[in-house]
Amino acid sequence: MRFWTFGGLTFGELAKQIWDDFFRDDIMGQSAKLAFYFLLALFPLLIFFTALLGLFAQSPGLREDLLAYLENVAPPAAYELIYNTLLQITEGASARLLSFSILAALWAASTGMLAVMDSLNRAYAVEDSRPWWKARLVAIGITLAYSVAVIVALVLVLYGASIGNLLASVLGLEDEFTFVWNIGRWPVVLALVILALDLLYRYAPDLDDSNFQYLTPGAVLALALWLLASMGFRLYIAFFGEFNATYGSLGAVIILMLWFYLTGMAILMGAEVNSVIEKAAAEHGDREARLPGEKYPGERRAA
């Protein structure tokens, strides 16, 4: 796999080129833009997930389980803001309004995805030549694929132990199966997240990537950075952050925006890693790799 040979670069060379591209592509500015769109899409998207999960798991405590999982990742003040807002929306919404919210969620989330697509095009130094309707359809398709991946991952996280016990009971398996299942489901969850990131890196930029290789270093790094940033930010807020004391009720919004900012930065850094590796591979003669600005492998070299 060409990605895991790092295009012939040493680790130091790879780190230096990523550092240079970080400023050249204005990752900090692009991450701020993504944070804004993530915030706009958040609450309708939460309603969408709640309604969609309800189709597969009829449970009165489903929303609480979902939010409990979010509580483990999000900063506490941001979690409280999300929880209170979602509680007000879902308790005061009619079935018709909830159906409309699902459509609104898809539109809002796909708008955020369009912003991600624009940022990834910038990482690969290409202009998006797709018609607006095609770009929107791609954004909606990626959003739906993400929804499926996230739902499966959440089901494994929230109900994985129960599923394992049910399978062991139905199939007449021993306790060893339950033990292996409870350990093995976590790598599956991580693999689903990495697959979702790789789907984003494959289809979001306007590139011909028929030779795309999954399980890329960029996706692995993006997941690792996001987990580290989320946990580190939670610790900072817990021990040093006084956002609520300084900003009052706006503190929760600021914390949520900062978390989204770090999330966007992790996604874009993963794209930059893949872009740098692919550029190096192309310069070393890999015919399936592309230089920055090429939509097809070898486009400029053939010309």
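User: What makes Trp-4, Leu-195, Tyr-203, Tyr-214, Leu-215 and Val-220 a nonpolar surface patch?

Analyst: These six side chains form a nonpolar surface patch of about 520 Å². Nonpolar side chains (Val, Leu, Ile, Met, Phe, Trp, Tyr) are joined within 5 Å, like charges within 9 Å. Areas come from the Shrake-Rupley method with a 1.4 Å probe, and for residues only the protein chains shown count as cover. This is a predicted model, in which local features need pLDDT of at least 70 and side-chain atom pairs pLDDT 80 or more, while totals for chains, interfaces and linings use all residues. Residues are numbered from 1 along each chain as its sequence is written, and side-chain values use heavy atoms, without hydrogens and water.

User: Why is Trp-4 called partly exposed?

Analyst: Its relative accessible area is 37%. Buried means under 20%, exposed over 50%, and partly exposed in between (1.4 Å probe, protein chains only). Trp-4 is therefore partly exposed. Phe-6, at 27%, is partly exposed as well.

User: Which residues does Phe-6 contact, leaving aside neighbours within four places in sequence?

Analyst: Phe-6 is in contact (heavy atoms within 4.5 Å) with Leu-14, Pro-217, Ile-277 and Ala-280. Phe-6 and Ala-281 are 275 residues apart in sequence, yet 7.6 Å apart in space, C-alpha to C-alpha.

User: How do you know that the span of α7 is close to the expected one?

Analyst: Helices (H or I, at least four residues) and strands (E, at least two) are DSSP runs, numbered from the N terminus. The expected span is 1.5 Å times one less than the number of residues. Helix α7 (residues 175-203) has 29 residues, giving an expected 42 Å, and its first and last C-alpha atoms are 42 Å apart.

User: What makes up the largest nonpolar core?

Analyst: A nonpolar core is a set of buried Ala, Val, Leu, Ile, Met, Phe, Trp, Tyr and Cys residues joined through side-chain atoms within 4.5 Å. The largest one has 42 residues, and among those touching the most other members are Val-116, Leu-197, Leu-200 and Tyr-201. The largest share, 13 residues, comes from α10. Val-116 touches Leu-34, Phe-38 and Leu-200, not counting residues up to four places away in sequence. Leu-197, Leu-200 and Tyr-201 are among the buried residues of α7.

Conventions: Patch = residues over 30% accessible without salt bridge, like charges linked within 9 Å, V, L, I, M, F, W, Y side chains within 5 Å. Salt bridge = Lys/Arg side-chain N within 4 Å of Asp/Glu carboxyl O.
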